[in-house]
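Q: Can you walk me through this one? I'd like to go through the helices, the loops and the contacts.

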Number of protein chains: 2
Amino acid sequence: MLDGASADTKDQWLDILQQAASGYLEGARDPKQSRSRRRQLDLLEAATRVFAREGIAKAKMADIAAEAGMSVSSIYDYYPSKEDLAYEIPIRRLAQFYAEFLEQAPSLGNMRDRLHLFLSMATDYARRNPDWARLLYLEIWPSVLIEEARVRRAVDDFGRIVVAMVREGSRRGEWSRKLDPYQTATILMGSITHMLITWLLYRRPENLRKATKPMVDQLLKLIDASG
Amino acid sequence: MLDGASADTKDQWLDILQQAASGYLEGARDPKQSRSRRRQLDLLEAATRVFAREGIAKAKMADIAAEAGMSVSSIYDYYPSKEDLAYEIPIRRLAQFYAEFLEQAPSLGNMRDRLHLFLSMATDYARRNPDWARLLYLEIWPSVLIEEARVRRAVDDFGRIVVAMVREGSRRGEWSRKLDPYQTATILMGSITHMLITWLLYRRPENLRKATKPMVDQLLKLIDASG
DNA sequence: GCTAATTCCGAATATTATTCGCTTTTACGG
DNA sequence: CCGTAAAAGCGAATAATATTCGGAATTAGC
């Protein structure tokens, strides 16, 4: 029975991760014509740039349409509103990010390394896709407004994954069981996202890639020292 | 000369703090009639509630006007735009928060306690003013859009104060000089703001007041262990 | 109590997101 | 290839709201 209880939570992090990596397909329009498929991608890329530059509220549909090379009313053939268009962007990319992590995570031997990888990958993904990152971290992540279930879930999955990994590490005895997983996850995620926000707004630290490792190392000291 | 160099930075945190605590007055309209003064406060309170409820983008001037008991066009006699109205709220309150901290900080004996107090006060201030906190932490803090110098400065002062306090602690030998003050400040601020965001969105942790102390304690361990 | 300054507001105006009806393009079975 | 139904595209209305403007009401100070 004791074993049963712990089997319930065993590798729960993997379940959550797998679900997160595959969760973006529902509910989106799926064009039948190949021309249309390409246009939808063009639209999403144009929208990402405009939203990153102007912010969602100030971005004009006319600008997005011009940048995507289509008419304004055509945008509405793809997405029912400006907001839905904005939300689709992080939903797709987050799923892609989770999928990339899912590919690499199992090959690592312990939860500590997995956490390290997850946090490093998150910053690297933002560094490589700064427009997308501006949209996600500066506009969507914290926003109250977003009731839209799909975005909310895609964003929350980030937290769920970290909490589950911290828990799993405790379960495996990699660090103390006394560690509060929520508090720890809050510190890990908060620190990383704050670093990203600072970088996105001010390009500090100048070299994000270089600054990430010492940051993550210092963060994981908190866990290691939890005995 | 060596003394001179260190005198330059001595108690810099206090300079920054004092400036932050008094910085909100410039640029705001200052009504001549007492009726108008009261109305302006009513307006700000009504706006805080509406913005917290709907978000800045979706909030309607008509709703704010109704809730403040004035006409829509009167709002424009106080602030030139919806955004300026929104920004005034965090500017005022942040200055008030800095002023409260300035009152209590000098009586403490060392930088560690001051940091502890600062972080605790920040969460407590948010807990006591949740509408204001929603506006600040969920809408304004991370937003790119905000070029407006006064908001930007009021928000950035938060970071400047933490960095300066970490530095001062190193200078006084309370912790290692090897500690990167920016990285440390990022962890401290990121963790606290992330905890606040989670609380504002989901009311987790349920008891924010209770959860703050262990959180801050764990964060300050990072500093203490930096030898 | 008078008056100039201040404050207030209803009615235009302007800006944009969104909808609608029709045209053009594509996929696909003969 | 061709014909045709489905899909995709677009310009011109429509609607929702922020913002402006000019004159009416209120206030402070003498």
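Predicted model: local features only at pLDDT ≥ 70, side-chain atom pairs only at ≥ 80, totals over all residues.

A: In H8(B), the buried residues are Trp132(B), Ala133(B), Arg134(B), Leu135(B), Leu136(B), Tyr137(B), Leu138(B), Glu139(B) and Ile140(B).

Q: How many residues does helix H8 of chain B have, and how many are buried?
A: The helix spans residues 130-140, and nine of its 11 residues are buried. That leaves H8(B) mostly covered.

Q: What covers the buried residues of H8(B)?
A: The cover includes H3, helix H6 (82-104), helix H7 (111-128), helix H9 (149-171) and H10, which belong to chain B.

Q: Now chain A. At what angle do H3(A) and H8(A) cross?
A: Roughly 60 degrees, with the axes coming within 8 Å. An angle of that value makes H3(A) oblique to H8(A).

Q: Is that crossing left-handed or right-handed?
A: H3(A) and H8(A) make a left-handed crossing.

Q: Which residues meet there?
A: H3(A) brings Thr48(A), Arg49(A), Phe51(A) and Ala52(A). Facing them in H8(A) are Asp131(A), Trp132(A), Arg134(A) and Leu135(A). By class, the contact of H3(A) with H8(A) holds four nonpolar, one polar and three charged residues.

Q: Next pair: H7 and H9 of chain A. Are they roughly parallel or antiparallel?
A: Take the geometry to start with. Helix H7 (residues 111-128) and helix H9 (residues 149-171) of chain A have axes that come within 9 Å and cross at roughly 160 degrees. The cut-off for roughly antiparallel is over 145, so H7(A) is roughly antiparallel to H9(A).

Q: And the handedness of H7(A) passing H9(A)? Left or right?
A: Left-handed.

Q: Which residues make the contact?
A: From H7(A), they are Met111(A), Arg112(A), Arg114(A), Leu115(A) and Phe118(A). H9(A) supplies Met165(A), Glu168(A) and Gly169(A). The contact of H7(A) with H9(A) splits by class into four nonpolar, one polar and three charged residues.

Q: Switching to backbone geometry. Which peptide bond in chain A is cis, with omega near -5 degrees?
A: The bond from Arg204(A) to Pro205(A). Pro205(A) sits in the loop between H10 and H11 of chain A.

Q: What about the bond from Arg204(B) to Pro205(B), cis or trans?
A: Cis, with omega near -5 degrees. Pro205(B) is in the loop between helix H10 (181-202) and helix H11 (208-224) of chain B.

Q: What is phi of Arg203(A)?
A: It is near 55 degrees, a positive value in a residue that is not glycine. Arg203(A) is in the loop between H10 and H11 of chain A.

Q: Why does Arg203(A) count as exposed?
A: Because Arg203(A) has 11 C-beta neighbours inside 10 Å, and the cut-off for exposed is 12 or fewer.

Q: And Arg203(B)? What is its phi?
A: About 55 degrees, positive although Arg203(B) is not a glycine. Arg203(B) lies in the loop between H10 and H11 of chain B. Arg203(B) counts as exposed because there are 11 C-beta neighbours inside 10 Å.

Q: On to the chain pairing. How many residues of chain A are in contact with chain B?
A: 28 residues of chain A, in contact with 28 residues of chain B.

Q: Which elements of chain A give two or more residues to that side?
A: Helix H8 (130-140), helix H10 (181-202) and helix H11 (208-224). H10(A) gives the most, with 12 residues. By class, the side of chain A that touches chain B has 16 nonpolar, 10 polar and two charged residues.

Q: Last topic, DNA. Which residues come nearest to DNA strand D?
A: Pro31(A), Ser71(A), Ser73(A), Met61(B) and Ser73(B), out of 23 residues around DNA strand D. Helices giving two or more residues there are H3 (34-54) and H5 (72-78) of chain A, together with H3 (34-54), H4 (61-68) and H5 (72-78) of chain B. The surface near DNA strand D has seven nonpolar, nine polar and seven charged residues.

Q: And which are closest to DNA strand C?
A: Ser73(A), Ser81(A), Pro31(B), Ser71(B) and Ser73(B), with 23 residues surrounding DNA strand C. H3, helix H4 (61-68) and H5 of chain A, together with H3 and H5 of chain B, each supply at least two residues of the surface near DNA strand C. Seven nonpolar, nine polar and seven charged residues make up the surface near DNA strand C.

Note on methods:
Residues numbered from 1 in each chain as written. Chains lettered and ligands numbered in written order. Contact = placed C-beta atoms within 7 Å. Helix = DSSP H or I, 4+ residues; strand = E, 2+ residues; numbered from the N terminus. Nonpolar A, V, L, I, M, F, W, Y, C, P; charged D, E, K, R; others polar. Near = placed C-beta within 6 Å. Buried ≥ 20, exposed ≤ 12 C-beta atoms within 10 Å, placed from the backbone. Axes fitted to C-alpha atoms, helices over the stretch in contact; angles between N-to-C directions. Parallel < 35°, antiparallel > 145°, perpendicular 65-115°, else oblique. Left-handed = near helix turned anticlockwise from the far one by under 90°.
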